[in-house]
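Here's a quick tour for anyone meeting this protein for the first time. Have a look at the picture, then read on.

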Amino acid sequence: LVGTLTKDRTERKLRDTARLTDQLLDVITGLPTLVAHHRQRGADSPQGEVERLSLAQKNSTMAVLKIAFLSSFVLEFLATLSVALVAVNIGFRLLGGHITLAAGLAVLIIVPEVYAPLRAVGTQFHSAQDGMAAWKAVDAELSR
């Protein structure tokens with residue numbers, strides 16, 4: 001569920017970055033004309049436009065980072081909760097005498113490594129989404 005939301009946000013971020021880059025390039029390209037006509041200062045100044053574009057870029061980036069943080073939090077929470085459930089089970093088995101302390105500690109030390117791939121899924125998923133969004137943009141450019 002969080003991954004689907006991440007995919008949409010990543011694609012939107014890539015589109016926003018491309019649009020903002022194009023707009024910034026337009027501002028920089030038009031700067032000599034504005035200077036020639038003494039219009040580089042004032043309400044429609046390039047500085048104001050660059051500030052507006054940088055604010056839009058910041059907001060777009062923060063939206064993606066919020067979703068990435070939420071996704072990482074969900075995976076970490078699930079892994080931590082799973083380790084805690086195993087620890088409780090080991091505790092009850094120790095109380096009941098069904099397992100030795102050495103075996104219980106060995107399992108408790110190994111269990112976090114068992115859930116390490118679950119933690120890595122988030123990183124790999126976000127990297128894959130970034131790559132797929134970039135590939136779609138490149139493919140769209142090449143097919144023009």
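Is S60 buried or exposed? S60 is buried, because its relative accessible area is 11%, and buried means under 20% relative accessible area, with exposed being over 50% and partly exposed in between (1.4 Å probe, protein chains only).

## Before we start

This is a predicted model, where local features need pLDDT of at least 70 and side-chain atom pairs count only at pLDDT 80 or more, while totals for chains, interfaces and linings use all residues. Residues are numbered from 1 along each chain as its sequence is written, and side-chain values use heavy atoms, leaving out hydrogens and water.

## The overall picture

The protein chain has four helices and zero strands, so reading from the N terminus you get α-α-α-α (helices are DSSP runs of H or I, at least four residues, and strands are runs of E, at least two, numbered from the N terminus). The chain is more spread out than a compact globule, because its radius of gyration is 25 Å, well over the 15 Å that the globule rule gives for 144 residues. That radius is taken over C-alpha atoms, and the rule is 2.2 Å times the number of residues to the power 0.38.

Along the principal axes, the C-alpha atoms fill a box of roughly 90 × 40 × 20 Å. Of the 144 residues, 17% count as buried. Look at contacts between residues at least 6 apart in sequence, and 75% of them join residues at least 24 apart; contact here means heavy atoms within 4.5 Å.

## Surface and charge

The protein chain exposes about 10,300 Å², and carbon and sulfur atoms supply 67% of that. The area comes from the Shrake-Rupley method with a 1.4 Å probe; for residues, only the protein chains shown count as cover.

As for charge, there are 15 positive and 13 negative side chains, and the centres of the two sets lie 5 Å apart. Lys and Arg count as positive and Asp and Glu as negative, while His and the chain ends are not counted. Each charge is placed at NZ of Lys, CZ of Arg, CG of Asp or CD of Glu.

Helix α2 covers residues 46-96, and its 51 residues should span 75 Å at 1.5 Å a residue; the end C-alpha atoms are 74 Å apart, which agrees. The expected span is 1.5 Å times one less than the number of residues. Just after α2, G97 takes a positive phi of about 80 degrees.

Buried residues in α2 include L53, V64, I67, L75, V83 and I90. S60 also sits in this helix, and leaving out residues up to four places away in sequence, S60 touches K13 and D16. F77 is another α2 residue, but F77 is partly exposed, with a relative accessible area of 46%. F77 and R119 are 42 residues apart in sequence, yet their C-alpha atoms are 9.4 Å apart in space.

Helix α3 spans residues 101-114 and holds I109. I109 is exposed, at a relative accessible area of 64%. From I109 to V83 is 26 residues in sequence and 9.9 Å in space, C-alpha to C-alpha.

Setting aside neighbours within four places in sequence, L108 is in contact with A87 and I90. L53 is another story: L108 and L53 are 55 residues apart along the chain, and their C-alpha atoms are separated by 51 Å.

Over in helix α1 (residues 2-36) you'll find T21, which is partly exposed with a relative accessible area of 47%. T21 and V86 are 65 residues apart in sequence and 50 Å apart in space, C-alpha to C-alpha.
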